Each structure stands twice: as structure tokens, then as C-alpha cells.
Number of protein chains: 2
Amino acid sequence: MLKTPYLLFLGDAKDALAAKVAQGIRDWRPDHAVGQMRLDGCKADLGIPDMTVAEAMEKGARTMVVGVANRGGFIADEWIDVLVEALEAGMDLAAGLHNRLADVPRLAEAAARLGRELHDVRHPTETYPVGSGAPRSGKRLLPVGTDCSCGKMYTALALEKEMRGRGMKATFRATGQTGILITGAGVSIDAVVSDFIAGAVETLAPANDDDHWDLVEGQGSLFHPAYAGVTLGLIHGAQADALVLCHEPTRTHMRALPDYPVPDMGAVMDMALPHARLTNPDARFVGICINTRALDGAAAERLLKETEDRFGLPTVDPVRTGVGRIVDGL
Amino acid sequence: MLKTPYLLFLGDAKDALAAKVAQGIRDWRPDHAVGQMRLDGCKADLGIPDMTVAEAMEKGARTMVVGVANRGGFIADEWIDVLVEALEAGMDLAAGLHNRLADVPRLAEAAARLGRELHDVRHPTETYPVGSGAPRSGKRLLPVGTDCSCGKMYTALALEKEMRGRGMKATFRATGQTGILITGAGVSIDAVVSDFIAGAVETLAPANDDDHWDLVEGQGSLFHPAYAGVTLGLIHGAQADALVLCHEPTRTHMRALPDYPVPDMGAVMDMALPHARLTNPDARFVGICINTRALDGAAAERLLKETEDRFGLPTVDPVRTGVGRIVDGL
């Protein structure tokens, strides 16, 4: 668990997209974000107060979160002075980059000397049991994608917000570094040793009250030739009662693989459901989320309606229409 | 790669099964086994000469392989003196146990001082790329099981032997610790970080001559709620042209999971084939291997015939009938 609230470090982000981790925290956990810190040339802006380390400490910040990814996803040399300053002032550090904060000598030295924590959320340090497949109490929902990066995290967070807004018991369970930084906890499931994928998810989303919903963040796609193993372990470990299909309609091929077309939505549901029913015989699809950002209003409306007519499931865009109609059916 | 040949260390094996790694080397790579070493009370016997470390060195042994697993699968304190003796005499050590040779201080110290290698084959030290899904030359065959431990490694090794006997180009590719110790190379796929399962298999069984067959060792089962992610990554990474279903007919539930019944053979083929065709559209099942050891001759013959009639695929027991009829069809 990361200590909250955070000072969000945007570094020298080249554009808004480079700061998407920070933006995610700002959007989904606004109470966690006391301020932002930007270096010269930073092109991102979260619309919250710019602060020095000292000012953030005064506002109660406990952790500086590296909310920016430069090209390559590595900790940049130009960031180190500020990161050390945060440690000196009393904050922990958290990042989800490829290399570890703990492997940067100046950061490791300062953290050890000062008794601060360095959270490298992409690199799990816990060990997990193998999956048991044993039924557990509580309800769980899992988004399943036609591809990677098609809106699964956003869908789960939007469902959590909608459900909490209705007074339902609901908890987002992060399985990737962005989700972990947003909510302060979770397991970077693609970094777990492969024997323990399902077991890690069982640990992440444990038995709970009968009327409590875990919204488990999805990963990858059963149709992605590199990552499908992660997806299947996640499906088995989640023991989902409810599945939501996620799709980005303008993509023509699987992420980074021009020779692999994006599968049909129906094919993904047909493949995922028998797998889900291995560990939860009651699993069913309860809705479809389509990311229509690249479509105009009329085209988006038409696609949502056509998809809903074809599959007979509430079909929404979490941004354009909200996810209320999916929650209505739970 | 392990240096061959081996002195096979059987320790104080409680029975023949406890020495199954050593037995596998004896069965499949007899040229690699110059002798066995047994401690007092050892109940296993490979039927090859008992040797001291000095005698084995004289016969050319380069590596002492720990071919025994005690309860729990850990390196026993009583073995350490002999293991150090082997290092002192000039051999490397290899083991596939849960803890590492390299984590035993006396072994680590002796190996460092003497310049010997410690091979902990259950713990990959290489890093692998993410899978590319790109088609590659050569042919590959993958056994797919209804459960774990139902004969997939034996099937792949038997196919390799049969094919080599016919003068075909064939290479067994080990994906588990027993297979790695038997053949001296491979990847312990269930110990690879989950993002890299398929990529590790692509590396293990790379492009090859058009008429060369890789026999890739299978792992787990798509119906096992703990390990199916490993199985799916293996299916995608193998890009198998040919799949062989493996089944143990007397088992009533999935290994270690009394509440999960063993799936029907047809259901496993129906689930595996679409996954296999994602990365190799020509993938097809070419045969079925049933482990009939627990059946008498008449019952075994009846089951093989019934299964062959039902699925229209050559159905054999690799031990009882050999795998020749499957190779005939390749």
C-alpha cells in the first residue's frame, strides 16, 4: 500500500499522454492528489496546483508518484535531484517504470539512510500461492478485451465509481502498474512468475461480503499471441460472476502486431466464457464497453445500437454514455 | 547447456518414484549416464554401475545431477558433503529442486573457489523477449493434456526417439525441470515471468530446417485452474503444426483439486485447437496418447480402439504400443 496523499511528478512530459498515470490519479482518486510538480519544458498540466516539495509536505503529501513516462519508460537522470529532494523532505517514492527506483544508487542510498520506502509497482516483491480454484464469497466482475489497451482499466474504474455512487460495495482491484499507482495497491500481474498468475489474482480479490463487488482490472487478450497466458490466468483466478467485453472499434490489428487482426467481439465472448465457467459456472457477459473516442457522435450512437441489437447486452461507452446501464443489470 | 556425461546422484531415495529424474535420464539419454551414486538406505536402482566420485571422474563424468526428490523437493543437508566432493573433484552440479544449489552457502563457496557451474534448472536465469507471433520455418509438435502429469513429456520423448530411429530430424525441447535435466537444455516455462511465456517458447523452439521437427514438451492443462495460463502461452509460442492429446484414463479429478473433474478428451481438443490456430492456422490434432498403465491388457486395448473410433485419430499408449502410428501420419 502506498501512503497517501501524493505529490504528482510530471517531469518534462512531452505531451498530456506522457503523463497519463498522473492524469489517471487526478481523474479517479482526486483526493489523493495534493498537487503537481513540473520541470522546465513540461507540456502536461493536470489543472491542480503546482507545488514545490516543501509546499506539498505542508499540504500533507506522503508519497511522490512518478506520474510520467518518457520514451522507453525509464527513470531519467534529470529527475533524480528532485526525487532525492522528496526523500529528504520526508516522502516515499512510487513509480511503475521498467527500471527500478531501488536500482538507482542515489535513490537507494537516500531511502536507506532516511528510512523511506521505494515502491516499484511494476516489480512484485511478494510471493503468491498457486491457484486453488476454490469458490469464494463475494461477487467479482472482470473486463475482457478484444486487444490490449482497449479500455479495460477505464471500464473497471468507471464501474467502481458508478457502483459506489449508488451506495453499492465496490472495490477496483489493480492488475497493472497504472492501476496500482492510481489506487495505491494491487499486483502487476504480467510480472508474476507464470505458475502463480491465477493464485496472485485469488489473493488480490479475496473472499468478501456476499453483496460486495470486486472490479478486477483486465489485462491482454485471449487473442494476443504474446500475452494470452496472462489473460487466461486472470480469467481463472478472478472467478468472475460478470464479464464485460471491451473493444476499440477503429483498430485494425492487434497492438504492435500488424499481421494479427483484431478479433470479432462475438468470437472473444465465445472463447472467454467457457474458460470463465471453469472456475465460476455462473459466469456470464453482462455488457459491452466500446471506446468510441475516434468516432463522431452519430457513428458512435449507431455502433453502440448495432452492437446492442446483435448481442442483446447493454452496450455503452464509459466516457460518452457512462456505465449506468451495465450496473442496472447486476 | 549441461556438460555431459553425468554421474546420477540418487541420494537416499525412498522408492523408485523419488528417483524419476535419474530414471528419465537413464531411459532417454543412456549415453549421458556413466553411473549412479546411492547413499545408505537408497531404495532406487537404475541398473547401472554404482560409482564413487573418483570413479565417475575416471569414466569422464562432467556433471553430477541430483536425480532424486525427497518429500518437499528440497536439497537435503545429508547430500551436501557428497555434492561438495563432486565439485572438488572437477564436476559441475545440476538440480531441479525448489531451493537453489546456489543458495546453499557451502556449495556456492566451493563452486566460486573452483570455477564450477551450479545449474538450478527450475530457476531460469536468462531473460526472454515478448512473443512476436511471427511465423517461423520448421515443424513443431506439441502434446496437450487433459491434466497435469498425464504423459506429455513421455509422449514428446517417445516421438523424438521414434522419429530419430526413422532418420527424421527431430529435437525434444524441454519446458520443465525433469526434461531439462534429461536432455541438458531447455526452459522451465512455469518459472518464467508471465509476460514472456510465449516469447520464451519461441526462443526455445526457433526457426529450423523445413523438414525438422521440434517436439515441444507440454505443460499443465487448459482446464487446470492454477496452470492454464502457462499452457496457453505454450500453445501460442509453440506455433505447433501438430498437436497430440495426452490422457490418463483412471484419474477422476484434476491433480491436487478434488472438486475439478478431469475434462472429456473431446472438450480439450475443441478448446485447444482454436487457440493453436491463432499462431498457426494449419494446426491440427494428429493423434492421442493414453497412459494405460493402470489398466489390464484387454481393457487397454478396448479403450484405445474406442477412442480411435470416436475421434478418427491414431490412438496409442507410448509404452504399450509405441508411437509409430502417430509418426506414420506426419
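**Figure 1. Crossing of helices H7 and H8 in chain B.** In this predicted model, H7(B) passes H8(B) in a right-handed crossing. On the H7(B) side the contact is made by Ile197(B), Ala198(B), Val201(B) and Glu202(B). H8(B) contributes Gly229(B), Val230(B), Gly233(B), Leu234(B), Gly237(B) and Ala238(B). Six residues of this contact are nonpolar, three are polar and one is charged. The two axes, of H7 (residues 197–204) and H8 (residues 228–238), come within 7 Å and cross at roughly 45 degrees. An angle of 65 to 115 degrees would count as roughly perpendicular and one under 35 degrees as roughly parallel; H7(B) and H8(B) are therefore oblique to each other.

**Figure 2. Interface of chain B and chain A.** Contacts join 32 residues of chain B to 32 residues of chain A. Putting the two chains together buries about 2600 Å². Carbon and sulfur atoms give 59% of that area. How many salt bridges does the rule find across the interface of chain B and chain A? The count is zero.

**Figure 3. Packing of helix H9 of chain A with helix H9 of chain B.** Each of these helices covers residues 265–279 of its chain. Their axes lie 12 Å apart, and the helices pack at an angle of about 135 degrees. Angles over 145 degrees count as roughly antiparallel; the value found here makes H9(A) oblique to H9(B). H9(A) passes H9(B) in a left-handed crossing. Met271(A), Pro274(A) and His275(A) of H9(A) make the contact with Met271(B), Pro274(B) and His275(B) of H9(B). Four of the contact residues are nonpolar and two are polar, with no charged residue.

Figure 4. Most peptide bonds are trans. In chain A, a cis bond joins Thr4(A) and Pro5(A), with omega at about -5 degrees. Pro5(A) sits in the segment before strand S1 (6–11) of chain A. In chain B, Thr4(B) and Pro5(B) are likewise joined by a cis peptide bond, and omega is about -5 degrees. The segment before strand S1 (6–11) of chain B holds Pro5(B).

**Figure 5. Backbone at Ala256(A).** Most residues other than glycine have a negative phi. Ala256(A) belongs to the loop between strand S10 (253–254) and strand S11 (257–261) of chain A.

Technical notes
Residues numbered from 1 in each chain as written. Chains lettered and ligands numbered in written order. Predicted model: local features only at pLDDT ≥ 70, side-chain atom pairs only at ≥ 80, totals over all residues. Heavy atoms only, no water. Axes fitted to C-alpha atoms, helices over the stretch in contact; angles between N-to-C directions. Helix = DSSP H or I, 4+ residues; strand = E, 2+ residues; numbered from the N terminus. Left-handed = near helix turned anticlockwise from the far one by under 90°. Contact = heavy atoms within 4.5 Å. Nonpolar A, V, L, I, M, F, W, Y, C, P; charged D, E, K, R; others polar. Buried area = accessible area lost by both parts, 1.4 Å probe. Salt bridge = Lys/Arg side-chain N within 4 Å of Asp/Glu carboxyl O.
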